[in-house]
Amino acid sequence: MSRGRTRVTEALRDEACPVTEVLDRVAGKWSIGILIAAAHGPVRFTELERAIEGISRRMLTLDLRRLERDGLLVRTVYPTVPPKVEYGLTPMAQELHVSLTGLVNWAERHRSAIAEARAACDTSAEQRPDAD
């Protein structure tokens, strides 16, 4: 293995792997929506279910548990009949919400440019003879 390749491999292991693990959890298919919805104050399960289009009850339950386990959500159970349960962001998740908001804003600003770039690349690829 070349010396340059070793440095790249070490940098990837030392810097990217821990970040990738966290981003995989936070940037999951439903996690961003859950965190953004919960950022507007304590929310109940059914409110989240209605707010996040397409999520199943099972996936919402699993992701809520994961986000709670990761220290991003606080689950509060009130001793009523039936029990009332609310989810809210932890201080760590509130900090993350600022970054997520920036990412969402960036995606909205650049959505059409990305779509145009994809279309141009696809058109170019269709016109290219196969190099295989």
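This is a predicted model: local features need pLDDT of at least 70, side-chain atom pairs count only at pLDDT 80 or more; totals for chains, interfaces and linings use all residues.
Which residue forms a salt bridge with Arg-66? The partner is Asp-63, with the closest N and O atoms 2.8 Å apart. Arg-66 and Asp-63 are three residues apart in helix 4, so about one helical turn separates them. Arg-66 is partly exposed, with a relative accessible area of 33%. Asp-63 has 6% relative accessibility and therefore counts as buried, the limit being under 20%.

The count of salt bridges comes to three. Another one joins Glu-49 to Arg-57, again with the closest N and O atoms 2.8 Å apart. Glu-49 is partly exposed at a relative accessible area of 23%. Arg-57 is partly exposed too, at 49% relative accessibility. Lys-84 and Glu-86 also meet through their side chains, at 3.5 Å from N to O. Lys-84 has a relative accessible area of 29%, so this residue is partly exposed. Glu-86 counts as buried, at 14% relative accessibility.

Glu-86 leads on to the sheet. Glu-86 lies in strand 3 and is the bridge partner of Thr-76. Strand 2 and strand 3 run antiparallel, and six bridges join them. The whole sheet is open and has three strands, in the order 1-3-2, with antiparallel pairing. Strand 1 (43–44) and strand 2 (73–78) are the edge strands, each pairing on one side only.

Next comes the interior. In soluble globular proteins, nonpolar side chains tend to be buried together. Here the largest nonpolar core has 21 residues. Ile-34, Leu-35, Leu-48, Leu-60, Leu-64, Leu-73 and Tyr-87 have the most contacts inside this core. Helix 2 (31–38), helix 3 (45–51), helix 4 (57–69), strand 3 (84–89) and helix 5 each supply at least two of its residues. Helix 2 gives the most, with four.

Setting aside neighbours within four places in sequence, Leu-35 is in contact with Val-26, Leu-67, Leu-72, Leu-73, Leu-89, Ala-93, Leu-96, His-97 and Leu-100.

Ile-114 lies in helix 5 (residues 91–127). Why can Ile-114 be called partly exposed? The relative accessible area of Ile-114 is 33%, and partly exposed covers the range between the buried limit of under 20% and the exposed limit of over 50%.

Technical notes:
Residues are numbered from 1 along each chain as its sequence is written. Side-chain values use heavy atoms; hydrogens and water are left out. Buried means under 20% relative accessible area, exposed over 50%, partly exposed in between (1.4 Å probe, protein chains only). A nonpolar core is a set of buried Ala, Val, Leu, Ile, Met, Phe, Trp, Tyr and Cys residues joined through side-chain atoms within 4.5 Å. Contact means heavy atoms within 4.5 Å. Two strands pair if DSSP finds at least two bridges between them. A salt bridge is a side-chain nitrogen of Lys or Arg within 4 Å of a carboxyl oxygen of Asp or Glu.
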